[in-house]
Amino acid sequence: MRIRNSKTTNWPLVSHGNGPGKDTRIFEGIVKYMRESEGWQERVPLNEDITVLTWSVPEEDTLLQESFRKMGIETELIVIPITKPFNWLDKIKKTMEYLPHVKTKYVMGLDSTDIVVSTDKEGRGTLWYDMKESFKSMNCSLCFNAEKLNWPSSKGVGTNIEEDGMNGHLMKSLKETEIFEERIYKEFLGSEYYRLNSGAFIGYTEYTTEFYNSMWDKYVKSVYEKGEDEGLFGGDQGFIRIMQRECFPDLRIDYKTVLFQTFADINEEDITIYD
């Protein structure tokens, strides 16, 4: 199974039911299609020098694991354990701690509960090669997923930080980031998917390691103990978003849905599922 976005004319390999997108008819159809389709033996990502990471509670069986199991490569998925009660900033901290152990040239991170990875019959056996080559065509060092929704937003959606209060510098940076995303990806590049989504990424391991270390030191370390509140700054997403201005163009978002497709606020008629 593979999807096509008629607006961008691209064929993303990763379907992400982000936020309310998880409950859309089209994403539910993708999940159903994946579950009912015949499995196959995909080549492992290590063959293309890619390590794939995810984050979940160890005893849970997630949608991402299910899609990897359908491809016969579940053991290739590195699950970074997240324990309850959640510290929503553990996704950043534990990724930073694990990255020095990654020996491959490329590293990919995918949310576990709302992502399906799949390809059509013609693409079976070359999925990870296609993933790698699509990333290389973007001419950047780290590419994050893109979405239509602004979350967290400087209007207080998804965050309880106030600009004139403690950690107000984060809100100031978020406002500047919102303007940056609008000018670059919406106005200049003409995309509907102009907000960074942290639920999926692929990058060169060396650069991605430097990126997570820098983000931790600059923004996350000082507020880590407050991370049990997802509303602090939208979990990890707020912190990753505000890194964009200083990291561009090495860091970019997939505004053309080349690799990743989000489903929140989507026009479902734009997406077609192919066998």
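The following exercises, each with a worked solution, concern a predicted model.

Residues are numbered from 1 along each chain as its sequence is written. Local features need pLDDT of at least 70, side-chain atom pairs count only at pLDDT 80 or more, totals for chains, interfaces and linings use all residues, and side-chain values use heavy atoms, with hydrogens and water left out.

**Exercise 1.** Determine how many residues of strand β3 are buried, and which residues lie on each side.

Solution. Strands are DSSP runs of E with at least two residues, helices runs of H or I with at least four, both numbered from the N terminus. Buried means under 20% relative accessible area, exposed over 50%, and partly exposed in between (1.4 Å probe, protein chains only). In a regular strand, side chains alternate between the two faces of the sheet. One side of β3 carries Ile50, Val52, Thr54 and Ser56, the other Thr51, Leu53 and Trp55, and all of these are buried. Seven of the seven residues of β3 (residues 50–56) are therefore buried, and the strand is largely enclosed by the rest of the structure.

**Exercise 2.** Find the strands that pair with β3, and trace the chain from β3 to β4.

Solution. Two strands pair if DSSP finds at least two bridges between them. With β5 (residues 106–110), β3 forms four bridges in the parallel sense; Thr51 stands opposite Val107 there. From β3 the chain passes through helix α2 (residues 63–70) to β4, a right-handed β-α-β crossover. Right-handed here means that, with the strands pointing away from the viewer, the path from the first strand over the helix to the second runs clockwise.

**Exercise 3.** State the order of the open three-stranded sheet and identify its edge strands.

Solution. The order is β6-β2-β10, with mixed pairing. The edges are β6 (115–117) and β10 (260–262), each of which pairs on one side only. Strand β2 (residues 14–16) pairs with β10 in the parallel sense over three bridges, and Val14 stands opposite Phe260.

**Exercise 4.** Locate Asp229, classify its accessibility and list its contacts.

Solution. Asp229 sits in the loop between α6 and α7 (237–241). Its relative accessibility is 38%, so Asp229 counts as partly exposed. Leaving aside residues up to four places away in sequence, Asp229 touches Trp88 and Asn160, where contact means heavy atoms within 4.5 Å. Pro58 is 171 residues from Asp229 along the chain, and their C-alpha atoms are separated by 21 Å.
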